[in-house]
Amino acid sequence: MDRERDSKTEISGTCPDTWICHDPVFACDAVNPDLLEFSPWSGHRRFAYDYVRNVRPAVIAELGTFYGCSAFAFQQAILDGGLDTVFTAVDTWQGDAFTREDYREPVREAYEEVQRTCYADVHARSLCMRFDEAAGLFPDGSVDLLHIDGSHRYEDVSHDYRTWKDKISPRGAVFFHDVGRDLLLGRETGSSRFWRELKRDHPLTLEFSFSCGLGILFTDRELYTYVRDSIRPGLYQQYVNLQDTISKDRLRRQHFELRSLRRQKQFLEESVQALEGEIGRYRETVSRKDAWIGQLEQQAAGVPETEQGRLFHGGWRRRGS
């Protein structure tokens with residue numbers, strides 16, 4: 001796969017002696033905060049970012065991108081690290097049984113907007129096609145990091161892995177999302193069942209149970225040992241807990257703000273209702289006065305002009321006396 005060369009860091013294939021934990025700012029959140037910061041995948045962004053910064057994979061392929069929470073975590077690491085990594089997102093942007101309702105919105109357009117706005121300097125492409133079609137674009141052994149997060153049905157996850165496993169490099173890894181026991185739409189995902197079966201035959205695996213679960217399958221024991229021994233136990237869980245606390249505080253503030261707005265709305269509705277009542281009574285008064293004036297005009301129409309002045313002026317004088 002030809003890659004444009006510039007001032008970015010070449011991929012050396014070696015990891016730093018010590019796993020470096022970063023504190024990234026995800027630029028994508030400024031463009032699409034609600035759909036990325038609170039995505040089910042968002043709990044794994046810190047690890048994904050650190051993995052790319054430390055391991056420096058040359059080629060990343062993602063099967064299933066949706067709004068791009070994981071894709072932009074990878075790309076943020078590529079951008080911040082000045083890496084020459086090539087990133088490819090593959091998706092039909094049509095959804096599956098678990099996400100189809102969300103695809104009523106222009107999902108791919110939202111993804112492309114963030115891509116253009118925040119990550120134009122990354123070697124990235126998005127392929128709107130089925131995963132089987134995209135597999136033919138990658139030589140065997142060329143993908144250093146494969147992320148499988150498309151359909152959550154057992155048969156589909158199994159098929160995607162079998163189709164792409166030969167594409168993984170000898171020193172590569174596969175990320176599987178939704179491998180936890182969390183229920184989506186009231187049922188366990190097929191990806192969770194597939195992951196449990198896969199682990200029985202592949203000992204080089206790591207797993208995060210939070211945020212719907214992230215499973216990591218390694219093809220190289222040295223890389224597996226490096227990542228396993230470098231990560232402090234519970235580190236990324238702590239990040240998720242902190243983010244959950246921040247999110248709950250924000251949700252609580254929004255709850256009280258919403259309740260205040262509802263009270264203001266009720267007050268305004270009651271005020272409008274009262275004003276409408278006043279307006280109605282005013283119109284009734286005006287209508288009665290108009291009728292009275294009409295009666296006077298009819299009476300005046302039958303009186304000679306010389307008598308009209310005397311009648312009206314005299315009448316007003318008598319009424320005011």
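# Legends to the close-up views

**View 1. About 40 Å³ of space lies in the largest cavity.** The model is predicted, so local features are taken only where pLDDT is at least 70 and side-chain atom pairs only at pLDDT 80 or more, while totals for chains, interfaces and linings use all residues. Residues are numbered from 1 along each chain as its sequence is written, and side-chain values use heavy atoms, with hydrogens and water left out. The structure holds 1 cavity of 30 Å³ or more. A cavity is a set of points, on a 1 Å grid over the protein atoms alone, where a 1.4 Å probe fits but cannot get out; grid points are joined across faces, edges and corners, and the volume is the space filled by probe spheres set on the points. The lining consists of I148, D149, G150, S151, H152, V157, F176, H177 and S191, where a lining residue has an atom within 4 Å of a point. By class, the lining has 3 nonpolar, 5 polar and 1 charged residues. Nonpolar covers Ala, Val, Leu, Ile, Met, Phe, Trp, Tyr, Cys and Pro, charged covers Asp, Glu, Lys and Arg, and the others, Gly among them, are polar.

**View 2. The largest nonpolar core has 50 residues.** Such a core is a set of buried Ala, Val, Leu, Ile, Met, Phe, Trp, Tyr and Cys residues joined through side-chain atoms within 4.5 Å. Buried means under 20% relative accessible area, with a 1.4 Å probe and protein chains only. W19, F47, Y51, F74, F218 and V227 touch the most other members. Helix α3 supplies the largest share of this core, 7 residues. A separate core has 25 residues, including F131, V143, V157 and L198. Beyond its neighbours within four places in sequence, F218 is in contact (heavy atoms within 4.5 Å) with Y51, G172, A173, L204, L206, L223, Y224 and V227.

**View 3. Helix α2 spans residues 45-55 and is largely enclosed by the rest of the structure, because 10 of its 11 residues are buried.** Helices here are DSSP runs of H or I with at least four residues, strands are runs of E with at least two, and both are numbered from the N terminus. The buried positions of α2 are R45, R46, F47, A48, Y49, D50, Y51, V52, N54 and V55. R56 follows α2 and has a positive phi, near 55°.

**View 4. Q76 lies in helix α3, residues 69-81.** Q76 is buried, at a relative accessible area of 4%. Not counting residues up to four places away in sequence, Q76 touches V25, F26, A27, Y49 and Y119.

**View 5. F74 and F87 form a tilted aromatic pair.** Their rings are 6.2 Å apart centre to centre, with 40° between the planes. Rings of Phe, Tyr and Trp (its six-membered ring) pair if their centres lie within 6.5 Å; planes under 30 degrees apart count as stacked, over 60 as edge-to-face and the rest as tilted. F74 belongs to helix α3 and F87 to strand β2, so the pair ties together parts that are 13 residues apart in sequence. F74 is buried, with a relative accessible area of 0%, and F87 also counts as buried at 0%.

**View 6. F208 and Y236 form an edge-to-face aromatic pair.** The centres are 6.1 Å apart and the planes stand at 75°. F208 lies in strand β8 and Y236 in helix α9 (residues 235-301), so the pair ties together parts that are 28 residues apart in sequence. Both F208 and Y236 are buried. One aromatic cluster is formed by W19, W41, F47, Y51, F74, F87, F175, F208, F210, Y226 and Y236. The whole structure has 24 aromatic pairs.

**View 7. W93 and C212 have a positive phi although neither is a glycine.** Most residues other than glycine have a negative phi. In W93 the angle is about 55°; W93 lies in the loop between β2 (86-91) and α4 (107-118) and is buried, with a relative accessible area of 6%. In C212 the angle is about 70°. C212 sits in the loop between β8 (205-208) and β9 (214-218) and counts as buried, at 14% relative accessibility.

Key:
1 Å grid on protein atoms, 1.4 Å probe; cavity = no way out; pocket = protein on both sides within 12 Å on 5 of 7 lines; lining within 4 Å.
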